[in-house]
Amino acid sequence: MSFFKHLFPIICLATPFFCEGQKVLSSDEALKEYNIISASMEKSFPKGHFRTFLRESFTELQLQTYLAQHYKRLDLLFLIDNHYAFKMHCYLQAGNWFKEIGFPIESIKWYNVFFEYYNGYSNKLTSDEKNTFVQNITFSYSSLADNYAKVNKLDSAALAHKKNIKFIKNHDNIYNPSAYNNYGLFFYLNKKELDSALLYYNKAYQITLKKFPNHSLLGSIRDNMADVYIDKNQPEKALPLYKSNFDLYSFFKNEITERYDLPRIISAGTQVIETEVKLKQLVQAEQTFKRLQNIIVNLKFENDLNPSSKLEILKARGILYRAQGNFKQSDEVALKQIFLIDSINIVSETADKKWQEELNTISLNRVALNFKIDRIMKENKINSQRSKLWIVSILSIFLICFLIALYFRRKGLIILAKNKLLIAEQNSKLTELKNKQLESEIDSKKRDLSDFAISLTQNQEWAKELAEKIKHIKTTTSNEQLALLTVLEKEILNKITVDNDTQEFFERLDKLSDLFYSKLTKQFTKLSKNEIRLCSLLRLKMDSRSIATLQNISLASFNTCRYRLRKKLNLHEGVDLDDFIQNL
């Protein structure tokens, strides 16, 4: 680490020479560069063209080039100051483009960047600018929720919908019920919770019916509610909603184009027909189909039908024919459907191929030109910096070698110091171990001395008793003296024999109880040798009188020994000494 700490300042000193042509741009320069890159991107993929937002419009090379330019623009945004509304629109555009092109995770990132920037700088916007962002914000929340749902982050998606509802709640516009409708779609499409979806659909429907009774959103909400009823196998509840939509779109013109919305008219009509067929209302279904045909003829829409609308009409007609038992006509309609689907696919493939060829030509030319410009700039930069590079390289090599030598020298000193410290620690541990051994030996000697003192005391007491008996014998008659001396002799011989037998018994006991002694002394270090032997005798379940005889003490002295042992073992009054020793 020390080596790299010394090396870092050298790298910092050398960096300006290598990066002379890459200085940080000012805010105005970054904005100018952003606009230049945007103009270059517009030539291949116009910003407002729907093809720019289709993944299939790009080859792999085109997508890589576009992404490189796109990310370069986004990097420049961080250098641009004060242009708050402009930067917000750019972040929004990034989120929208990544969503439509099929990069949900990247879209989530830039939507979040937008919301973070908006929350930080919305106070810099004018009132008019804030009003223009209302629609963008609620749309972004909905798109963010869709992205989370695509990557299976349903909790985050639900949170985005809730934020959208909270944000738009204070705005009296059509986006308020739209937010509830979108939340209902989330429950319907992603969580498959039909009752929850219906709850939010109804909420959106009530708000729209009350405040925006003539808006086309009513039709969308009714359509969503009807779909739920169909999934719940309640077509009788779905039919009135489909009929209301059919009536609405038959006389309603789009708010923006001021034209009849033919695809919606056909979609609503076919939904009514299919639902009436499900309910066995074949007469009504036939009437609805004729009404749909009349609308198309009266409004002169025959030549304006797109392939999708034609397919819907054919599908509804086929369902009606099958329900009426006209299987021959149903089969003919099915063949027309197959033919139309094949035609749509061929037209789509041809259009996509032509568009791709045009884009490929433009994009490849742009890539080749950019590559040539970049190569020339790099050659000029290399030529201008070659002499500086040599000087910096030689200086850097010299300094690096010096630092490497310094590093290894310091490393050797550190290792030497560590070894000395290790030896000192080992010596300290050895000394500590010796001290512990000495302490253990001292404790053992103390216990032996204590046992010897007790034995000496006992012998002195026996000697006093012997002296008293001899004194008594002297006061008796000759005949009594002989009998008493005989008894005294036997007592002395028994004493000698008992001492030898007792000594041999205790030696065997010590050998057999070695493991028990070791365990006992680890837990209770202050026990004397006699006390340890007393524990061993109690462990053998010997009665008190036998133990007193073995230790050559009276029963009262034995009870005193038991009391002292209990104190050293820290036993409470309720704990039995014998049971405690048996459980050790």
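H10 and H11 run roughly antiparallel to each other, a label used for angles over 145 degrees. Helix H10 covers residues 217–231 and helix H11 covers residues 235–251, and the two pack at an angle of about 160° with their axes 8 Å apart. Those axes are lines fitted to C-alpha atoms over the stretch in contact, with angles running from 0 to 180 degrees between N-to-C directions. The helices themselves are DSSP runs (H or I, at least four residues), numbered from the N terminus, while strands are E runs of at least two. The crossing of H10 and H11 is left-handed, meaning that the near helix is turned anticlockwise from the far one by less than a right angle.

Who touches whom here? On the H10 side, the residues in contact (heavy atoms within 4.5 Å) include Leu 218, Met 225, Ala 226 and Ile 230, and on the H11 side they include Pro 235, Ala 238, Leu 241 and Leu 248. By class, this contact has eleven nonpolar, four polar and four charged residues. For that tally, Ala, Val, Leu, Ile, Met, Phe, Trp, Tyr, Cys and Pro are nonpolar, Asp, Glu, Lys and Arg are charged, and the others, Gly among them, are polar.

A word on the source: this is a predicted model, where local features need pLDDT of at least 70 and side-chain atom pairs count only at pLDDT 80 or more, while totals for chains, interfaces and linings use all residues. Residues are numbered from 1 along each chain as its sequence is written, and side-chain values use heavy atoms, with hydrogens and water left out.

Now for another pair. The axes of helix H7 (residues 154–168) and helix H8 (residues 175–191) come within 8 Å and cross at roughly 165°, so H7 and H8 are roughly antiparallel to each other. Their crossing is left-handed. Among the residues making the contact are Leu 154, Ala 158, His 161 and Ile 165 of H7, along with Tyr 175, Ala 179, Tyr 183 and Phe 186 of H8. The contact of H7 with H8 divides into ten nonpolar, five polar and two charged residues.

In the loop between H7 and H8 sits Asn 173. Is Asn 173 buried or exposed? At 19% relative accessibility, Asn 173 counts as buried; the cut-offs are under 20% relative accessible area for buried and over 50% for exposed, with partly exposed in between (1.4 Å probe, protein chains only). Leaving aside residues up to four places away in sequence, Asn 173 touches Val 134, Ile 168 and Phe 212.

Further along, two loop residues have positive phi without being glycine. Lys 541, with phi near 60°, lies in the loop between helix H18 (529–539) and helix H19 (544–550). Lys 541 is exposed, at 66% relative accessible area. Asn 570 has a phi of about 60° and is found in the loop between helix H20 (555–568) and helix H21 (577–582). Asn 570 is exposed too, at 60%.

Stepping back, the protein has 21 helices and zero strands. Buried residues make up 34% of its 584 residues. Of the contacts between residues at least 6 apart in sequence, 62% join residues at least 24 apart.

Finally, UniProt (unreviewed entry) places a "transmembrane region" at residues 389–408. In the model that span is 100% helix and 0% strand, with its end C-alpha atoms 28 Å apart. UniProt positions are given in the numbering used here, feature names are shortened, and annotations may be inferred rather than shown by experiment.

Conventions
Parallel < 35°, antiparallel > 145°, perpendicular 65-115°, else oblique.
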